[in-house]
Amino acid sequence: MFRWKNSSQTEQEHNETALREAKMKELKALIGQLSGRNSLYCSDACLKRYLEARNWNVGKAKKMLEETLKWRSTFKPEEIRWNEVSGEGETGKVYKAGFHDRHGRTVLILRPGLQNTKSLENQMKHLVYLIENAILNLPEDQEQMSWLIDFTDWSMSTSVPIKSARETINILQNHYPERLAVAFLYNPPRIFEAFWKIVKYFIDAKTFVKVKFVYPKNPESVELMSTFFDEENLPTEFGGKALLQYNYEEFSKQMNQDDAKTANFWGLGHSNSNQLHVSNGFSGAEIAPEPIQTHP
């Protein structure tokens with residue numbers, strides 16, 4: 001009986017794998033021959049993420065991918081450089097952390113209480129730049145990133161407008177599907193509940209389950225954090241032991257170095273020309289220089 005069940009399970013897994021491979025081929029055929037940046041973007045891993053995001057419905061995945069390619073052709077995220085968005089990064093409201101989670105994923109830290117500008121266009125450009133940078137610096141065996149959201153100094157007066165939150169969610173879930181592993185909202189104030197009641201309706205089911213509320217006095221949520229992060233690396237703002245120290249000048253140097261890697265990947269060169277070359281893709285990117293933080 002046990003052997004029969006085991007054999008049946010193995011056969012089922014093989015059938016599932018074969019079915020998914022067939023759907024991958026079908027999606028490739030539907031999108032047709034791609035060139036330039038689109039061909040670099042639409043790797044097998046990329047197509048798999050879009051299929052996964054649409055529960056392996058080829059038609060829906062194709063539509064989603066086409067919408068992303070259209071968005072990328074106008075937004076041009078691969079052409080954004082740090083000097084264009086550095087003003088948004090002065091306070092450290094969003095930046096790549098100098099540590100990874102337990103799975104080796106890149107970590108983005110968001111501190112909405114430190115919002116320093118009013119232009120939605122520039123804010124989204126800054127966020128997209130950092131998402132692209134986080135992906136660029138993923139280890140070879142990882143495709144996802146983690147978000148840590150710190151609500152220190154957050155209030156309704158300093159919060160991002162609903163329009164900004166909605167656009168952030170739209171970009172993340174529709175143009176970077178399956179790139180988010182988890183988003184921890186750490187110790188949000190009670191007043192945040194009113195904001196959340198509106199924002200959550202913009203979030204699709206697959207993204208919604210990745211959003212985790214963590215309260216330092218709740219043992220279960222604290223334990224959940226510990227499964228994702230080593231407390232020696234985790235900043236004290238998130239219940240860890242590391243001292244968080246955002247250094248704008250040092251971070252700017254790191255981003256300028258990464259800009260060269262971005263240009264190299266897309267074949268743009270340092271002059272940001274449109275000439276393209278063959279690349280191994282995001283998964284082959286180097287790991288970024290480590291911490292801008294100190295330990296007590």
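Modeller: Two strands count as paired if DSSP finds at least two bridges between them, and I will apply that to this model, which is predicted.

Biologist: How many of the residues of strand β2 are buried?
Modeller: On one side of β2 lie Thr106, Leu108 and Leu110, and on the other lie Val107 and Ile109, with both faces covered. Strand β2 (residues 106–110) is accordingly described as mostly covered, and the number of its five residues that are buried is five.

Biologist: Are the axes of α6 and α11 roughly parallel or roughly perpendicular to each other?
Modeller: The axes of helix α6 (residues 120–136) and helix α11 (residues 248–266) come within 10 Å and cross at roughly 70 degrees. Angles of 65 to 115 degrees fall in one class, and therefore α6 and α11 are roughly perpendicular.

Biologist: How many charged residues does the contact of α6 with α11 have?
Modeller: From α6, residues including Tyr129, Glu132 and Leu136 take part, and they meet α11 residues among them Phe251, Asp258, Lys261 and Trp266. By class, the contact of α6 with α11 has six nonpolar and two polar residues, while the number of charged residues is four.

Biologist: What kind of aromatic pair do Phe151 and Trp154 form?
Modeller: The whole structure holds 23 aromatic pairs. For Phe151 and Trp154, both of which are buried, the centres are 6.0 Å apart and the planes are at 70 degrees. Planes over 60 degrees apart define the class, so this pair is edge-to-face.

Biologist: How many residues apart in sequence are the parts that the pair of Phe151 and Phe192 ties together?
Modeller: The rings of Phe151 and Phe192 have their centres 4.8 Å apart and their planes at 65 degrees, so this pair is edge-to-face. Both residues are buried, and they belong to a cluster that also includes Phe195, Trp196, Phe208 and Phe213. Because Phe151 lies in the loop between β3 (145–150) and α7 (162–175) and Phe192 in helix α8 (residues 192–199), the pair ties together parts whose separation in sequence is 41 residues.

Technical notes:
Residues numbered from 1 in each chain as written. Predicted model: local features only at pLDDT ≥ 70, side-chain atom pairs only at ≥ 80, totals over all residues. Heavy atoms only, no water. Axes fitted to C-alpha atoms, helices over the stretch in contact; angles between N-to-C directions. Helix = DSSP H or I, 4+ residues; strand = E, 2+ residues; numbered from the N terminus. Parallel < 35°, antiparallel > 145°, perpendicular 65-115°, else oblique. Contact = heavy atoms within 4.5 Å. Nonpolar A, V, L, I, M, F, W, Y, C, P; charged D, E, K, R; others polar. Phe/Tyr/Trp six-rings, centres within 6.5 Å; stacked < 30°, edge-to-face > 60°. Buried < 20%, exposed > 50% of the residue type's maximum accessible area, 1.4 Å probe, protein only.
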